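Subject: Structure handover

Hello,

Here is the structure for your files. My notes on it follow below.

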Amino acid sequence: MEAQLSTGPGADTGARERILDAAAEAFQVQGFGSTTIDDVAEQVSATKGLIYYHFRSKFDLFLAVYEEGMRRVRAKVEPHARGEGTGCERLVAMSVAHVTNLMTDLAYHNVVHEGVRAQSSTALKERQRDALKALNKLRRDYEQMFHQVVSEGIADGSLRTVDAALATRTLLSSLNAVDMWYRKIDDQPAEAVGSLAGRIVDLLIGGIATRPGRSGDTAAG
C-alpha cells in the first residue's frame, strides 16, 4: 500500500524523513491530540510551511508515520520469513528482528499502536477512521506472515501442535508489549539491543518450541 500523503513530485525526501522522525517522537511523547504542527516544525528547525508542503494535515502526517513504521519493521522481518531453516528457527529470527526494530524505532511502534487503538474512537471523523482501517490492513498482513511461519513450524515438527492463530497473536502481543517498559539509552550499542531482543524472544518462543524428547504433537507444557 502506498499512501499519497506527500504533495508535489519534487518533494525533498530527506526533509520528509526528518519530518516523519520528528512527528513520531512528538506523537509518542505528547499523543496525537496534543501534538501540533508547530511542535513538529520546531523539532526539524523548519517552518509550518515546510510541513504542509509535504503533508496536507496533521492527520495525514500521523498516517504517514504509521505507514513508515510498518514499512520499516516489515523490511527487517520479511527476509527471515522467507529464509532457510525450520519454522521455529525462522520464527525466532523474525521475532528478534521485530523486537530489535521496536527498540530502535520505538516512537514509530508507539504511533502504530495508537493508530490501532484510535480506529474505534468516536473523536475521529468517518474518513479518518476509514483511513486507519486501510493502514491497519498492513498490520493484519504482517501478522499473517507470522501466522504462516508458525503453521510451517507446526508442520515440520519444530513447534508444538498448538492453535497457530492464538500462538501468533500471543507472541506478537508479547513482543509488542516490550514498548511498555523499554526505554532507549543514548549511545546504546546495536549489539546490546540485539542481545536483549534475543533474550526476550528466547523466553517467549521457548513455550512453543519442541525440545529433545518431546514429540512435536505433544500439547503438554
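Arg90 is buried, at a relative accessible area of 9%; buried means under 20%, exposed over 50% and partly exposed in between, with a 1.4 Å probe and protein chains only. Arg90 sits in helix H5. Setting aside neighbours within four places in sequence, Arg90 contacts His80, Ala81, Gly83, Glu84, Gly85, Val149 and Glu152, where contact means heavy atoms within 4.5 Å.

Before the rest, two notes on the source. The model is predicted, so local features need pLDDT of at least 70 and side-chain atom pairs count only at pLDDT 80 or more, while totals for chains, interfaces and linings use all residues. Residues are numbered from 1 along each chain as its sequence is written, and side-chain values use heavy atoms, with hydrogens and water left out.

The chain as a whole

The chain has 9 helices and 0 strands; helices (H or I, at least four residues) and strands (E, at least two) are DSSP runs numbered from the N terminus. Of the 221 residues in the chain, 43% are buried. Among contacts with a separation of 6 or more, 73% are between residues 24 or more positions apart.

H5 with H8

Helix H5 (residues 87–104) packs with H8 at an angle of about 30 degrees, and their axes are 10 Å apart. Axes are lines fitted to C-alpha atoms, for helices over the stretch in contact, and angles run from 0 to 180 degrees between N-to-C directions. H5 and H8 are therefore roughly parallel to each other (under 35 degrees; over 145 is roughly antiparallel, 65 to 115 roughly perpendicular and the rest oblique). On the H5 side, Leu91, Ser95, His98, Val99 and Leu102 meet Leu171, Leu172, Leu175 and Asn176 of H8. By class, this contact of H5 with H8 has 6 nonpolar, 3 polar and no charged residues; Ala, Val, Leu, Ile, Met, Phe, Trp, Tyr, Cys and Pro count as nonpolar, Asp, Glu, Lys and Arg as charged, and the others, Gly among them, as polar.

H7 with H8

Helix H7 (residues 126–156) and helix H8 (residues 164–176) pack at about 125 degrees, with axes 9 Å apart. That angle makes H7 oblique to H8. H7 contributes residues including Tyr142, Phe146 and Ile154, and H8 residues including Ala164, Arg169 and Leu172. The contact of H7 with H8 has 9 nonpolar, 3 polar and 2 charged residues.

Regards
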